[in-house]
Amino acid sequence: MKNKGLILAITIIVSALCLFYLSFTIASRMADSKALEFATDKSGKVDFEKKQYYLDSMWNKPAYDLGFVSYTLKEVKDQEIGLGLDLQGGMNLTLEVSPVEILKSLSGNSNDPDFLEALKTAQTEQKTSQEGFVELFFKAIEAKNPAKLRDVFVNASNKGRLEFKSTNEDIKAYIREEVDGAVDRAFDIIRARIDKFGVTSPNIQLIPGTGRIQIELPGASNPQRIRKLVQGVAKLEFYSVWEAKDYIPVIESLNKVLLAKREKNGTTSPNDTSKKADDLFAGSDSSKKTDSDDLFADGDSSKKTDSATAKDTSAKAKADSAQAAVDAQYSELYTLNRNPYGLAYAVKDTTKINKIFADREVQMAMPSDLQFLWAVKPIQNDQPNAEAVVELYAIRKGRGSKALLGGDVISDARNEFDEKGRAVVSMRMNPEGARVWQKATGENVGKQIAIVLDDYVYSAPVVQTEIAGGNSQISGNFTVEEAKDLANILKAGKLPAPTRIVEEAVIGPSLGVEAQNQGLTSTVLALALVLVFVIAYYAKGGFVADIALLVNVFFTFGIMAQFNTVLTLPGIAGIALSIGMAIDANVLIFERMREELEKGRKLLDAIEDGYDRAFITIFDSNITTMITAVFLYVFGSGAIKGFAITLMIGLACSFFTSVWVTKLILHWMTAKKGNDSTLTLTTAISRNLFRQPNFDFIAKKKLAYIFSSLIIVVGMGVIAFKGLNLGVDFKGGRAYVVEFSEPIVASEVKVDLTSALNASVEAKTYQTSNKLKITTSYLVDDETEDADAKVQTAILNGLKKYNSLKPTILSTTKVGSTIADDIVNASRVSMLLSLLFMFIYIIFRFKRWQFGLGAIVSLAHNALIVLAVFAILYALGVGFEIDQIFVAAMLTIIGYSINDTIVVFDRVREMIEANPKEDLKVTINLALNATLSRTIMTASTTIIVILIMLFFGGEVLRGFSFALLIGIIFGTYSSIYIATPLVLDTSRQEFEKIREGAEKPADTTPIA
């Protein structure tokens, strides 16, 4: 075996890495178990806030010790295989940043009728167009009047960026830049809000080119609060900051309040003999960091100083001498870290500090113009192994709790470089803002002014001088990226970038746990049955294949852990499916080895030839399936991406283990006795099964054409008259999973809700007889938060007659009409591109267009058959939904079917090259019979897996599994009766000429 040492080394290294990365998942699950135990009371009730508190308290503490290195819980969580929402419950949101308000703001809130009409036209066309809103708006307004762009957008609010001589292209480029910046800003603001929300392992992604933000919040249990959190308009404000000499006495008075509460509750420590007032903020250092941001007048960087915050040494001395204490309701003492940043706390302690400030008596003791606000980002401590700290600012509120300025006065902000090449932020205000800003900066020279967004301090520069004219420059120890972020944040006042929820799913924790159990059961059962089946068919060879399969599963999970992949229910299906498909490569190899042994070849030669002959077929099959997985990933979203990732990882692992790990094992088994080794590849069951079959498949091709055409025509007719059972993914709307205390009849609920809502309603049994999935188009075009509440209230009102059965909503799903159109278009594009790229690849590999045509027609046939079967069943009352997971099933069918077809095509090509004189019909029949054992074996193992998913995988995977079942059966059928007969029908004349050329006698005329 060539490169035996290299393969062994790679296997050992990958195994070690997989063990290492999987260990983080085990450590994380152990931490979760401890948190659950901590949060569970004697009655068994779980306090999820208490569980979160435990995890927060351990976040930056060592949770996994390997002896030579230790990892905090945060580092462990970053490396684990996360669970998707469908496996643990939570909330998934897709937000769309509304460009309408941004354009209105850029126009100076113009009331120009052509401008307003163009906005309405773009909104209407966006529902059916793949172009972005901004581009549609440009077309609409230029159709009205090409000069209108300049008339509307060259105004005082865009002074310095646009001029009257600016061309339409200049204006368009500026608008695109501002809209993109608003989307990025919305993303940053929402990410900051979510980070403070307290959800473990949130996933927030900006979907490029769409203006959409996708958010996954595992375990989130308060959907209403989250909706308000992500849709609230950002509030940008400027506040003056208290100096240390002013706020430290206040802190001391607050400590006295807390100590009094302790003594009143009788919880004073018995070891406390000092009789002195303990200090909540002991050890405070009022000096600010030496790299404090500086605010310069009119960009004059010469006025920069290193620090301008006054120090009160007497107050500091008092603070240093005090002891830390806290109210009796908190179990730990709070000690302020001694650091150069003033008031600061470890990240893990911020929740506890917030609780102290929320105490009613503490609030009553605080001055009305004082409020403590956290910095938006923690500061990394320079000390070895020291925890990151978050700075706490003492904000001075104005009369009526107002800020010095609101963010709406900012007309522009951008990141630039000063004359020394340092990154700075330039800020320009409107005339009213400039007037107030001059007064505010004049009163705060030498003091800080905090830039506050959503009650978090993003920066607190020191004022160097009074600033007139409204042009300011903020500098400090910024990186270019930090300066860009701050400039973007400062625009939040001018361009608020409101968001709306266009897609939403809320999954209750009980459904998540149920999905976990179903996923685990289906995977284990599928793996066990496949392992037994393979041994029963291939004896010792099956044992080798099983070892490779287990290594494949181990590698798949290990690599998923290395890439921090989130495991979803469709992802589990992808792993289960890869189990069935992984066997295919070993079946190809073993069938080739059996053929060589039957020819009388020696064992070692048969092993080498078996692997050599099967390699190109295995490679082709994996490449074509990988094409479908790539398009699933590119055009899918959420759970579909999870399925695609696990499928791609599974394919890569199965190729390595099937081609090289099994060969490594076989060489080890035959190392001592060589050709005399006992390696059986048959059992009593398989010994005479499909041995030298001689079926005339081609003779039945016309019957196959008629049979397939009949199913497709009937199915397409049903679709034309009745349509398909489209899920909310494809038609928009809202869906609810409702649980009742007893079994309920879905048809009765459908009638009642249709009458109550006066809109389309579907109701069907979901998993068990006491659960229903209710889908409605009621208020489908209204995507406001109020509409969500109205629909849910209407559903519950429509179920009033069933109140005795205690209806409870377990999960909700919402898909807006716009995103539903996008999903339909993305699905269509992914299917067409998959077929196109496979066609190109097959032509490239087989050098004849006939093979490509046969394969593509066969794949299209399989897809149409599945659609037809689903339509016919829907007409008969069996309602499998057509949704994104169905599209994943269709692409998987395409990937699987092409495997079968390529195996047959490879054998046809091989036989033609070996005997070009043979009749093509005879050659194709021989190839089909030669690969029949492999075809049946692979289909059987895959069908076993699919049946397990169908019956044990749960309701989410039921339609997916049924589509795969139909697709695999007809995919196997089409590779025999559609693809290869089409190659015959389109190639007969060409191969006749080739055969005639091969039979023509050589010219023996002597050369003169």
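**Helix H24**

The expected span here is 1.5 Å times one less than the number of residues. Helices (H or I, at least four residues) and strands (E, at least two) are DSSP runs, numbered from the N terminus.

I noted that this is a predicted model, where local features need pLDDT of at least 70 and side-chain atom pairs count only at pLDDT 80 or more, while totals for chains, interfaces and linings use all residues. Residues are numbered from 1 along each chain as its sequence is written, and side-chain values use heavy atoms, with hydrogens and water left out.

Which residues of H24 are buried? I found Ala 746, Val 749, Leu 753 and Leu 757. They cover an arc of only 60 degrees around the axis, so they sit on the same side of H24; the arc is that of the directions from the helix axis to the C-beta atoms. Buried means under 20% relative accessible area, exposed over 50%, and partly exposed in between (1.4 Å probe, protein chains only). On the face turned away from the buried side of H24, I saw the exposed residues Val 751 and Ser 755. After H24 comes Asn 758, with a positive phi near 55 degrees.

I turned to helix H28 (residues 884-914), which has 31 residues and reaches 45 Å from its first C-alpha to its last, close to the 45 Å expected. H28 is mostly covered, with 27 of its 31 residues buried.

In helix H22 (residues 701-721) I picked out Val 718, which is buried at 17% relative accessible area. The C-alpha atoms of Val 718 and Ala 868 are 8.0 Å apart, although 150 residues separate the two along the chain.

**Cysteines**

How many disulfides are there? I counted zero, taking a disulfide as a pair of cysteine sulfur atoms within 2.5 Å. For Cys 18, the nearest cysteine sulfur is that of Cys 653, 7.1 Å away. Cys 18 is buried at 0% relative accessibility, and Cys 653 is buried at 3%.

**Salt bridges**

Side chains of opposite charge can pair when their charged atoms come close. I counted 34 salt bridges, each a side-chain nitrogen of Lys or Arg within 4 Å of a carboxyl oxygen of Asp or Glu.

One of them joins Asp 412 and Arg 161, with the closest N and O atoms 3.9 Å apart. This pair links distant parts of the chain, 251 residues apart: Asp 412 is in strand E13 (residues 410-417), and Arg 161 is in the loop between helix H8 (148-153) and helix H9 (168-197). Asp 412 is buried at 7% relative accessibility, whereas Arg 161 is partly exposed at 22%.

I also looked at Arg 601 and Glu 596, which meet at 3.3 Å, N to O. Arg 601 is partly exposed at 33%, while Glu 596 is buried at 2%. Both belong to a network of salt bridges that also links Arg 592, Lys 599, Asp 609, Arg 613 and Glu 910.

**A nonpolar patch**

Last, I found a nonpolar surface patch of about 370 Å², made by Leu 525, Leu 947, Phe 951 and Phe 952. Patches are made of residues with over 30% relative accessible area and no salt bridge, with like charges joined within 9 Å and nonpolar side chains (Val, Leu, Ile, Met, Phe, Trp, Tyr) within 5 Å; areas come from the Shrake-Rupley method with a 1.4 Å probe, and for residues only the protein chains shown count as cover. Helix H30 (residues 932-952) gives the largest share, three residues. Phe 952 is in H30 and is partly exposed at 40% relative accessibility.
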